[in-house]
Amino acid sequence: MDVDYPPQAEAFRDRIRAFLAEHLPPDWSGGGALAPEERAAVARRWRQSLAAAGLVAVSWPKAYGGAGLSVIEQVVLDEEFARAGAPERAENDLLGIQLLGNTLIALGTEEQKRHFLPRILSAEDRWCQGFSEPEAGSDLSSVRTRAVLDDDEWVINGQKIWTSAGPTANWIFVLARTDTEAPKHKGLSLLLVPIDQPGVVVRPIVNAAGHASFSEVFFTDARTPAVNVVGRVGDGWPAAMTVLGFERGSQVTTAAINFGREMDRLRELARDRGLHTDARIRDGLAWCYSRVQIMRFQGYRGLTSLLAGQRPGREAAISKVIWSEFFRRYTELAVEILGLEALSPAGPGNGEALIVPEPGTPNSAACWMDELLYARASTIYAGSSQIQRNVIGEQLLGLPREPRVPAGRVPEPAGRGSN
């Protein structure tokens with residue numbers, strides 16, 4: 001396997017490293033000890049520096065405000081930012097640039113590209129994603145939000161849930177049912193809907209860690225122009241799969257870098273607690289290490305496909321299962337290492353003098369518990385592990401489809417016939 005990057009990519013890597021040396025805050029260190037408002041301020045300044053250097057959407061065509069660079073140069077930028085622990089870009093940038101922007105470049109009309117793409121780059125339009133519903137999460141094709149054409153506008157009614165960046169967005173891309181008579185995968189359309197209108201209500205959801213990372217969104221006779229359909233009317237399912245492909249392919253080579261850094265934290269935690277020689281802990285560390293290496297080689301495989309001009313597709317399900325199951329397991333292992341200390345950032349409270357890191361530091365009990373509470377959700381959002389395994393088995397390996405049991409009927413145990 002030749003994993004050497006071409007000379008122009010390495011030259012671009014040198015440019016990015018020089019940019020990081022000049023612009024990355026010297027005391028950043030991942031920003032773990034900063035308060036949320038301080039992190040947000042750093043992220044805003046960082047975004048401005050990226051925009052001034054033309055590094056916000058390097059692989060977009062120049063006609064739409066991008067830098068017109070290659071996919072490999074985009075990958076190099078992502079790798080170097082990951083290695084440096086650079087400030088994360090705003091969530092609206094991920095949703096607007098990585099997901100919707102790339103989907104519009106692939107499927108949008110010329111009018112949509114020229115209108116929306118520059119506004120995404122300027123952050124005038126801030127996007128969130130309206131896919132999941134209370135009864136349509138992993139089974140996305142069962143969405144019930146409806147859109148009816150009324151002259152030159154779509155009228156939308158329904159509800160979305162687990163919407164990231166809802167409170168800060170002013171636009172939402174919505175998967176809605178536009179044909180109730182068609183099969184459930186065929187009657188959907190992907191609509192671009194303004195949030196700042198009387199028919200849209202956004203309500204934040206506070207999670208177990210005390211954060212409002214997600215929201216629920218309600219549509220009551222909300223409206224959007226008829227031309228705000230991505231792709232053709234009724235082709236919402238392939239459009240949504242394109243969006244999800246870009247979402248799952250966004251970590252093509254950086255997942256191993258980011259989670260490799262987390263492995264360093266985990267090993268340090270085990271050493272600090274004197275458990276690095278414990279057989280059970282070592283087994284857990286070995287399992288996590290092996291998954292990071294799998295992510296690395298899977299990343300090279302995905303990069304090969306991208307360089308061949310293929311958009312992220314069903315193969316992204318493999319990476320989703322690997323990284324989300326790793327995320328859950330390594331945070332569980334960290335809490336196992338912490339023991340009673342994990343119950344409280346201040347330690348077990350038994351009168352013993354404990355040296356416990358401050359809650360904002362990377363190896364504090366509070367930090368690991370916060371990650372544990374969030375990691376469980378990673379095996380559900382963007383497609384649950386069970387659904388991803390069905391995709392891998394049925395669509396990639398060609399295995400027989402899992403039997404669909406009618407509602408209300410209990411399946412017979414395997415190996416038994418009916419009487």
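Reader: Which glycine follows α11 and has a positive phi?
Author: Welcome to a predicted model, where local features need pLDDT of at least 70, side-chain atom pairs count only at pLDDT 80 or more, and totals for chains, interfaces and linings use all residues. Residues are numbered from 1 along each chain as its sequence is written, and side-chain values use heavy atoms, leaving out hydrogens and water. Helices (H or I, at least four residues) and strands (E, at least two) are DSSP runs, numbered from the N terminus. After α11 comes a residue with a positive phi, near 70°: glycine 398.

Reader: How many residues of β5 are buried?
Author: Buried means under 20% relative accessible area, with exposed over 50% and partly exposed in between (1.4 Å probe, protein chains only). In a regular strand, side chains alternate between the two faces of the sheet. On one side of β5, Leu188, Leu190, Leu192 and Pro194 are buried, and so are Ser189, Leu191 and Val193 on the other. The buried count for β5 is therefore seven of seven.

Reader: Which residue in β8 is the bridge partner of leucine 190?
Author: Two strands pair if DSSP finds at least two bridges between them. β5 runs antiparallel to β4, with seven bridges, and antiparallel to β8 (residues 229-230), with two. In β8, leucine 190 is partnered by valine 230.

Reader: How many residues are in the largest nonpolar core?
Author: A nonpolar core is a set of buried Ala, Val, Leu, Ile, Met, Phe, Trp, Tyr and Cys residues joined through side-chain atoms within 4.5 Å. Among those with the most contacts inside the largest one are Trp46, Phe81 and Leu192. The number of residues in this core is 49.
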